[in-house]
Amino acid sequence: MSQPRPLTLSHALALVVSSMVGTGVFTTAGLMLGALGSPRLVLATWAATGVLALAGAAVYAELGAMMPRAGGEYVYLTRAFHPVLGFLSGFVALVVGFAAPVAAGALAFGDYLRALAPGVPARAAAFALVGVTTALHARDVRRAGRAQAVVTGLVVVVMVVFVGAALASGRADWSRLAGPGAAGQGGHGAGALAV
C-alpha cells in the first residue's frame, strides 16, 4: 500500500514559481537598471535568461527521464563522471545555491520591513524569518507547502497589482525608469551585465 504524498501539484508549482521569481524581482530590478541603463535592456535580459532557464529545465527533464532516481545533480554527475563531482555539486548547491539566496532574501525582507516599521532591526527580522520558516518546514511538510503556496500567490498578486497600477495610471513612461546612474555614465551593455 502506497503512502499518500504530503505535497500536491499546487505546492510543487508554488515552489517552482517562487524559485524562478522569488524576491529577486523586487531587489535586483533597480540594480540592473542602474547597471544597464535601459528598462528595455532589463526586460530583454530577463527574457533571455527565461529562455536559458527553460533550456536548463528541458535538460533536467531529459536527465530525470533517463535516470529516475531521487538525488538530482548528485545522481547525474555521479553516474556520468565520478561520485566526488556529485558530492562537490551538492556541497556548492547547499552553500551557494540555497544558503546564499535564502540569506539575501531574508535581508531584503528585513530592509523592507524596516522601511515600514523603522524601529525594527533589519538583521534581527531576517534571522527571525529564517528561524520561523525553518521551524515551519521542520514541523509539518504539508503546512509548509500551504504556506509556500500562499506566499508565492501573494508575490504574484503584488507584481500584477504593481504592473496594473502603473499601466492604469496613464502616466507610464520609460524615461521615469532611467535612474541617476542610467544616462550618460557608462555601464551599458554586456559588460554591465557581468558586473
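Student: How many salt bridges does the structure hold?

Tutor: The structure holds two salt bridges, a salt bridge being a side-chain nitrogen of Lys or Arg within 4 Å of a carboxyl oxygen of Asp or Glu. Before going on, note that this is a predicted model, in which local features need pLDDT of at least 70 and side-chain atom pairs count only at pLDDT 80 or more, while totals for chains, interfaces and linings use all residues. Residues are numbered from 1 along each chain as its sequence is written, and side-chain values use heavy atoms, with hydrogens and water left out.

Student: What makes the contact between D111 and R114 a salt bridge?

Tutor: The side chains of D111 and R114 come to 3.4 Å, N to O, and the limit is 4 Å, so the pair qualifies. D111 and R114 are three residues apart in helix α6, and so about one helical turn separates them; helices here are DSSP runs of H or I with at least four residues, strands are runs of E with at least two, and both are numbered from the N terminus.

Student: Why are D111 and R114 called partly exposed?

Tutor: Buried means under 20% relative accessible area, exposed means over 50%, and partly exposed is what lies in between, with a 1.4 Å probe and protein chains only. D111 has a relative accessible area of 40% and R114 has 40%, so each falls in the middle class.

Student: How do you know that R143 and D140 also form a salt bridge?

Tutor: Their side chains meet at 3.9 Å, N to O, which is within the 4 Å limit and therefore counts. R143, at 42% relative accessibility, is partly exposed, and D140, at 25%, is partly exposed as well.

Student: Why is the pair of Y60 and Y76 called tilted?

Tutor: A search of the whole structure finds two aromatic pairs. Rings of Phe, Tyr and Trp (its six-membered ring) pair if their centres lie within 6.5 Å, and planes under 30 degrees apart count as stacked, over 60 as edge-to-face and the rest as tilted. The ring centres of Y60 and Y76 are 6.2 Å apart and their planes stand at 45°, so this pair is tilted. The pair links distant parts of the chain, with Y60 in helix α4 (residues 39-66) and Y76 in helix α5 (residues 73-80), 16 residues apart.

Student: Is Y76 buried or exposed?

Tutor: Y76 is buried, because its relative accessible area is 10%, whereas Y60, at 38%, counts as partly exposed.

Student: What makes F87 and F91 a stacked pair?

Tutor: The rings of F87 and F91 lie 6.4 Å centre to centre, with 20° between the planes, so the distance is within the limit for pairing and the angle is under the limit for stacking. Being four residues apart in helix α6, F87 and F91 are separated by about one helical turn. F87 counts as exposed, since its relative accessibility is 54%, while F91, at 46%, is partly exposed.

Student: Which helix gives the most to the nonpolar patch?

Tutor: Helix α6 (residues 83-116) does, with 10 residues. The patch on the surface includes F87 and F91, and its residues together have about 1,200 Å² of accessible area, by the Shrake-Rupley method with a 1.4 Å probe, where for residues only the protein chains shown count as cover. Patches are made of residues with over 30% relative accessible area and no salt bridge, with like charges joined within 9 Å and nonpolar side chains (Val, Leu, Ile, Met, Phe, Trp, Tyr) within 5 Å.

Student: Why is H11 called buried?

Tutor: H11, which is in helix α1 (residues 9-20), has a relative accessible area of 10%, and is therefore buried. Leaving aside its neighbours within four places in sequence, H11 is in contact (heavy atoms within 4.5 Å) with P6, R142, G145 and R146.

Student: Which residues does L7 touch?

Tutor: Not counting residues up to four places away in sequence, L7 touches V141 and G145. L7 is in the segment before α1 and, with a relative accessible area of 44%, is partly exposed.
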